Amino acid sequence: MRQKIQTYPLSFKLLLITVFLAFFVLFLLRSSFPSSEHKSSPISLSDDRKSKNCSKISRSLARTIIHYSTSKITPQQTIDEISVTEKVLEKKSPCNFLVFGLGHDSLMWSSLNHGGRTIFLEEDEAWIEEMRKQFHDLESYHVAYDSKVSQAETLMDAGKGPECTAVGDTRYSMCQLALKGLPAVVYDTEWDLIMVDAPTGYHQEAPGRMGAIYTAGMMARNRKEGETHVFVHDVNRDVEDKFSRAFLCDGYMKKQEGRLRHFRIPTHRNFFHNMPFCP
């Protein structure tokens, strides 16, 4: 999502860079110490060199640090909001991370999930092309949203029907809220984290996030096992507030920091008849 350009004081940029460096240090330390389950063995000179090469910071991560340390444009989220997702990524990465939206924070999310797969879904084709010219390693796809913010109330009522609480593949869902035209890879992947920060949703005739929030929740419920961490940004707005509470559920909410909510949703797939839609 093309975001309004913001400039921040040097202190904010230093905090953001500190988050990256802390993540890299933990990553390097984790890769430097062998697991206690493995027996110790003599280390040859060539093995030591290989180890050092494996621990070296990647080119993509180096570019990320350089980009954010030299750019006047910084992510829309505050450092406290970013830290909520970063803490989950610290435990989960490398993992599968789906992001609704492509913006100035995309390079950061991709780098914090270093070694995993991070996909961005964006409504503005021109913006995708512009971002690809700068960051060709980002994996992004164009998507179209057919619901507007002005339709939120009608869709909320529709979402109360049994077809919207039935757990299954959302591309075949009968629910009006389900997004059925996403790239196949989105439906075929089990996502460990999902961030909803798009579509725009900033006025009544703009595409709304109703479907994205609902679909994120249903993808989490339909995974084979485990749980999915879902983050919704801009919950100070009416749609994001009401739809996240209704379809991601207050009972699954773990934290709210500023305009960001964090939900942890377990699979319902094998327990559908014994689990309510919301706890």
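Predicted model: local features only at pLDDT ≥ 70, side-chain atom pairs only at ≥ 80, totals over all residues.
Residues are numbered from 1 along each chain as its sequence is written, and side-chain values use heavy atoms, with hydrogens and water left out.

**Nonpolar cores**
- A nonpolar core is a set of buried Ala, Val, Leu, Ile, Met, Phe, Trp, Tyr and Cys residues joined through side-chain atoms within 4.5 Å, where buried means under 20% relative accessible area, with a 1.4 Å probe and protein chains only.
- The largest nonpolar core has 43 residues, and Leu98, Phe100, Ile194 and Phe243 touch the most other members.
- Helix α10 (residues 210–221) gives this core its largest share, 8 residues, a helix being a DSSP run of H or I with at least four residues, and a strand a run of E with at least two, numbered from the N terminus.

**Strand β7 and its partners**
- Because 5 of the 7 residues of strand β7 (residues 260–266) are buried, this strand is largely enclosed by the rest of the structure.
- Two strands pair if DSSP finds at least two bridges between them; β7 runs antiparallel to strand β5 (residues 227–233), to which 7 bridges join it, and antiparallel to strand β6 (residues 253–257), with 4 bridges.
- Arg261 in β7 is the bridge partner of Val232 and also of Gln256.
- β6 and β7 form a hairpin with 2 residues between them, and Gly258 in the turn has a positive phi of about 60°.

Note on methods
Buried < 20%, exposed > 50% of the residue type's maximum accessible area, 1.4 Å probe, protein only.
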